[in-house]
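Here's a quick briefing to read with the model open beside you.

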Amino acid sequence: MVEKGNKVGVWEYYAYTRDGRQVIVQKYDHTTNKLVFFRPIEDVPYDVELQPGQWTRSRVDQPPLFIGGDPILATYTTKIVYPPVAQDRKLQGKVLISFAIDTLGRASNHKVLMSVGGGCDEEAMRVCRTIPNQWIPARKGSRAVPVVYELPFTFKLQTVAQ
C-alpha cells in the first residue's frame, strides 16, 4: 500500500532465477523499516568494520541489501550514459566502484577500483552517487556493521549487424 506517497506495510520484491522462475528476494516492512525476509545469495566476504577504524575481510550473516533487491537497484544503475569519447576510442570494459555502507544504510566514500577511462569512470561514479540511501546494512550476529560494497558497471559497445 501507499499512503500520502510513502510505502507502508510489508512489500514483497521479486526477481527471476536463471531458469526463468519468479521468486521472492525480499520482504520489507516499510512501516517499521525492518527487513522481514531475504533470499540468501552467494556467500561473499566483505571488508567489515568490526571495531571503530579497524577493517577486516570477513563473512557476514546478512549481506548489505538494497531495499527491493537488484531489480530496484537496476532502475538506477541502468541510467548510465556511454561517454562519446569512450565510444569514439572504442573503449569498453568494467568500472568497479566501491563505497562504504554504514549501520544506518547510508553510502559514502565512493572510489573507483577498476577503471576503463574515456569518461566511463566518471559516468559510473555519477550514476552510483544518484542511488538513494535505501540500503539495509550488513549484519554480523545481531548487530549492524559497516561494510565496503562493490558495484560493477559494464560498458560494452553494441555491434551493428550488417
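Of the chain's 162 residues, 38% count as buried, where buried means under 20% relative accessible area, exposed means over 50%, and partly exposed is in between (1.4 Å probe, protein chains only). This is a predicted model, so to speak of local features a pLDDT of at least 70 is needed, side-chain atom pairs count only at pLDDT 80 or more, and totals for chains, interfaces and linings use all residues. Residues are numbered from 1 along each chain as its sequence is written, and side-chain values use heavy atoms, with hydrogens and water left out.

**Overall layout**

- The chain's secondary structure comes to three helices and 14 strands; helices (H or I, at least four residues) and strands (E, at least two) are DSSP runs, numbered from the N terminus.
- Along the principal axes, the C-alpha atoms fill a box of roughly 50 × 40 × 35 Å.
- Take the contacts (heavy atoms within 4.5 Å) with a separation of 6 or more: residues 24 or more positions apart account for 59% of them.

- Helix 3 covers residues 120–130, and its buried residues are Cys120, Asp121, Glu123, Ala124, Met125, Val127 and Cys128.
- The cover over those buried residues includes helix 1 (69–77), helix 2 (84–88), strand 9 (93–101), strand 10 and strand 14 (147–155).
- His110 sits in strand 10 (residues 107–114) and counts as buried at 16% relative accessibility.
- Setting aside neighbours within four places in sequence, His110 is in contact with Ile97, Ser98, Phe99, Met125, Cys128 and Arg129.
- His110 and Cys128 are 18 residues apart along the chain, and their C-alpha atoms are separated by 8.2 Å.

**Helix 1**

- Thr77 is in helix 1 and counts as buried, at 18% relative accessibility.
- Beyond its neighbours within four places in sequence, Thr77 is in contact with Val127, Ile131, Leu151 and Phe153.
- Asp70 is also found in helix 1, but with 58% relative accessibility Asp70 counts as exposed.
- From Asp70 to Lys4 it's 66 residues in sequence and 26 Å in space, C-alpha to C-alpha.

**Salt bridges**

- The structure holds four salt bridges, each being a side-chain nitrogen of Lys or Arg within 4 Å of a carboxyl oxygen of Asp or Glu.
- One of them pairs Arg57 with Asp47, with the closest N and O atoms 3.3 Å apart.
- That pair links distant parts of the chain: Arg57 is in strand 7 (residues 54–58) and Asp47 in strand 6 (residues 46–51), ten residues apart.
- Asp47 is partly exposed, with a relative accessible area of 27%.
- Another joins Arg106 to Asp102, where the closest N and O atoms are 2.8 Å apart; Arg106 is partly exposed, at 42% relative accessible area.
- Glu123 and Arg126 also meet through their side chains in a salt bridge (2.7 Å, N to O).
- Both of those residues lie in helix 3, three residues apart, or about one turn of the helix.
- Glu123 counts as buried at 11% relative accessibility, whereas Arg126 is partly exposed at 41%.

**Cysteines**

- There are zero disulfides in the structure, a disulfide being a pair of cysteine sulfur atoms within 2.5 Å.
- The closest cysteine sulfur to that of Cys120 is in Cys128, and at 15 Å it's too far for a bond.
- Cys120 is buried with a relative accessible area of 0%, and Cys128 is buried with 2%.

**The second largest pocket**

- This pocket has a volume of about 280 Å³, the volume being the space filled by probe spheres set on grid points that are joined across faces, edges and corners.
- On a 1 Å grid over the protein atoms alone, a pocket is an open set of points where a 1.4 Å probe fits, with protein on both sides within 12 Å along at least five of seven lines; lining residues have an atom within 4 Å of a point.
- The second largest pocket is lined by 14 residues, and Tyr28, Asn33, Lys34, Ile136 and Pro137 lie nearest its centre.
- Strand 5 (34–38) and strand 11 (135–136) are the elements giving two or more residues to that lining.
- The lining divides into seven nonpolar, five polar and two charged residues; Ala, Val, Leu, Ile, Met, Phe, Trp, Tyr, Cys and Pro count as nonpolar, Asp, Glu, Lys and Arg as charged, and the others, Gly among them, as polar.
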